[in-house]
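Subject: Structure handover, salt bridges

Hi,

Here is the structure for you to look through. My notes on its salt bridges follow below.

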Amino acid sequence: GLESALNRAESTRVRNRIIDGDNEARLIALACGDAPDGRSRWTLRLLGQHMVELGYVDSVSYETIRRTLKKTS
């Protein structure tokens, strides 16, 4: 009810960042670089796939890539 909504306990969930400061710099450098052969520009999915191929991250969603790039633009 209203009482529980007003006195809600703080979340104890810890979120691990997939894209930390170093990987964010790598992502920006990758996005600013030339697109892969046969492509005119980078897509979010291509950037994510390339980050995994280079071994920067184990896996990453295109939404994480989008949020990271939006934060820096």
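A word on exposure first: buried means under 20% relative accessible area, exposed means over 50%, and partly exposed is in between (1.4 Å probe, protein chains only).

This is a predicted model: local features need pLDDT of at least 70, side-chain atom pairs count only at pLDDT 80 or more, and totals for chains, interfaces and linings use all residues. Residues are numbered from 1 along each chain as its sequence is written, and side-chain values use heavy atoms, with hydrogens and water left out.

How many salt bridges does a search of the whole structure find? The search finds three. A salt bridge here is a side-chain nitrogen of Lys or Arg within 4 Å of a carboxyl oxygen of Asp or Glu.

Start with Lys-71 and Glu-24. Their closest N and O atoms are 3.2 Å apart. Lys-71 lies in helix H4 (residues 62-72) and Glu-24 in helix H2 (residues 21-32), so the pair ties together parts 47 residues apart in sequence. Helices are DSSP runs (H or I, at least four residues), numbered from the N terminus. Glu-24 is buried at 15%. Lys-71 is partly exposed at 49%.

Now Glu-63. Its salt bridge with Arg-66 is 2.5 Å, N to O. Both lie in helix H4, three residues apart, about one turn of the helix. Glu-63 also forms a salt bridge with Arg-67, at 3.9 Å between the closest N and O atoms. Shared partners join Glu-63, Arg-66 and Arg-67 into one network of salt bridges.

On accessibility, Glu-63 is partly exposed at 28%. Arg-66 is partly exposed at 33%, and Arg-67 is partly exposed at 46%.

Best wishes

Note on methods. Helix = DSSP H or I, 4+ residues; strand = E, 2+ residues; numbered from the N terminus.
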